[in-house]
Amino acid sequence: INYSTSISSTTWLNTGDHCSWTGVTCNDNKEVIKLDLEDLGLTGVYPTTLNKLSKLTSLTTDGNSLTGSISNSICNMASIQIVGDETNCPNGFGTSGCCAAVKLATPSVYLDNFVAAHSGSSDCSTLSGSEANVCTFMRNKANHANVFSTYSDDFPYEGWLQDRSILARTFYTTSLAANNPNWLNTANHCIWNGVACTGSRVSSFTLENVPISGPYPADIRDLSELATLSLSGNALSGFIPDNVCDASGIYVAGDETNCPNTLGLSGCCDAVRLTTPSSFLSNIVASSNIGTSDCSGLDDVNSNACAYMSNKLNHDVFLEYPDGFPYQTWLQERLVLAQIFYSTSLQNMNPSIWLSSSNHCSWAGVTCDDNLNLTGLDLSGLGLTGTYPASLNYLTSLKSLTTNGNSLTGIIPNATCGMNLIEIVGDESNCPNAPTVAGCCSTVITATE
């Protein structure tokens, strides 16, 4: 090593114990276990006989100008950690390579190879539009200075660069570049606004209410460690990619215009921010016993219920669109309550009792379980007039129904009477209970009572 490089003979190859020479560390048996030649500005040929240091476990040769690649015999040494210059490390893109950490050159062949793999070419002049900008940003080592100035030996360089290129592409293909020009910068992207990492890989990408316009990022699934994705409150066009929707273990929140959530299916998004007007709300109404989302051609009861349900402002829950919320079931039950409201004299009472914009589980007489399913409805003693509600069977989790003490007309429908495990307390005039027959109502309140 002394004679093949420009290392100073004043610190090497003297009569003293070589375990005390600059950069040399030995074990208790005087065997060389570590060789640190970092930033000595060495010239000459990369040493080829280092594998003869049979106990060597740490080799650091970056920050020099040595020629030639580290030989296979050195790369293949058992348990060795090598840190070297890009010009010496035979680290092929897409492989773990020889060096645990690589100091990149300027320009960098490694970055060029990376860009060529992800953008199609490392010659940015041959690329067009936003991809040329991504290429230019990623090729320049100075744009990644805060990482490649330290290049620790346990850093996931290739994965980190891949995540960074996807974020750069999002920046240049959307209005982030125009509206938030400082979002893309030389700092580690794990501290960029809306980005969080686990083990230096992007695990959360959340940019809500920025707003951003442009196409929904097409390669977002290539953030291979992504666990949380929320780009809601923006004006992105197009659907969230299928490979994101189909992936397991990713929590997705998005705008209704981007979430391909079909009524009756769980869909792509765990939480959906509705638009105004909302096709999701319209589909809820159309799929109900109303049968259409065109409120204009309906009778008064259903027309009013239709209009109420179609307006996002009537449902405060969508101000936050919490995850894990049973949107579809909750809305279908809310529609039934709206029909009850408009078909009876409830609409003439204090409007704060019912049909406010709050969660209906807090309305007077309404009981829900921990999953927000409506399980109990108590309308007793309100002196209600109007028609006995016909759509109560759509409250599929209803177990307790109390409607006595009112002046409702009509018999409780068979569909309601036949609901599984339901307990009904009602007025004699509504309960179709024949003498000696259990009938519909568990308890019948007679007129004298």
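Q: What makes the link of Cys-417 and Cys-440 left-handed?
A: The torsion about its S-S bond is -95°. The pair ties together parts that are 23 residues apart in sequence, because Cys-417 lies in helix α11 (residues 414-417) and Cys-440 in the loop between β20 (423-427) and β21 (443-445). Helices here are DSSP runs of H or I with at least four residues, strands are runs of E with at least two, and both are numbered from the N terminus.

Q: What kind of model is this?
A: It is a predicted model, in which local features need pLDDT of at least 70 and side-chain atom pairs count only at pLDDT 80 or more, while totals for chains, interfaces and linings use all residues. Residues are numbered from 1 along each chain as its sequence is written, and side-chain values use heavy atoms, without hydrogens and water.

Q: Why is the link of Cys-417 and Cys-440 called a disulfide?
A: The term needs a pair of cysteine sulfur atoms within 2.5 Å. Here the S to S distance is 2.0 Å, so the pair qualifies. By this rule the count comes to 11 disulfides. In general, such a link is a covalent bond between the sulfur atoms of two cysteines.

Q: Why does Cys-259 with Cys-269 count as a disulfide?
A: The S to S distance is 1.8 Å. The torsion about the S-S bond is about -85°, so this disulfide is left-handed. Both cysteines lie in the loop between β13 (251-255) and β14 (271-273), so the pair ties together parts 10 residues apart in sequence.

Q: Is Cys-259 buried or exposed, and what of Cys-269?
A: Cys-259 has 6% relative accessibility, so Cys-259 counts as buried. Cys-269 also has 6% and counts as buried.

Q: What makes the disulfide of Cys-190 and Cys-197 left-handed?
A: The torsion about its S-S bond is about -90°. Its S to S distance is 2.1 Å.

Q: How does the radius of gyration of the protein stand against the globule rule?
A: The radius is taken over C-alpha atoms, and the rule is 2.2 Å times the number of residues to the power 0.38. For 449 residues, a compact globule would be near 22 Å, but the protein has 35 Å. Its C-alpha trace spans about 120 × 50 × 30 Å along the principal axes.

Q: How many helices and strands does the protein have, and what share of its residues is buried?
A: There are 11 helices and 21 strands. Of the 449 residues, 45% count as buried.

Terms used
Buried < 20%, exposed > 50% of the residue type's maximum accessible area, 1.4 Å probe, protein only.
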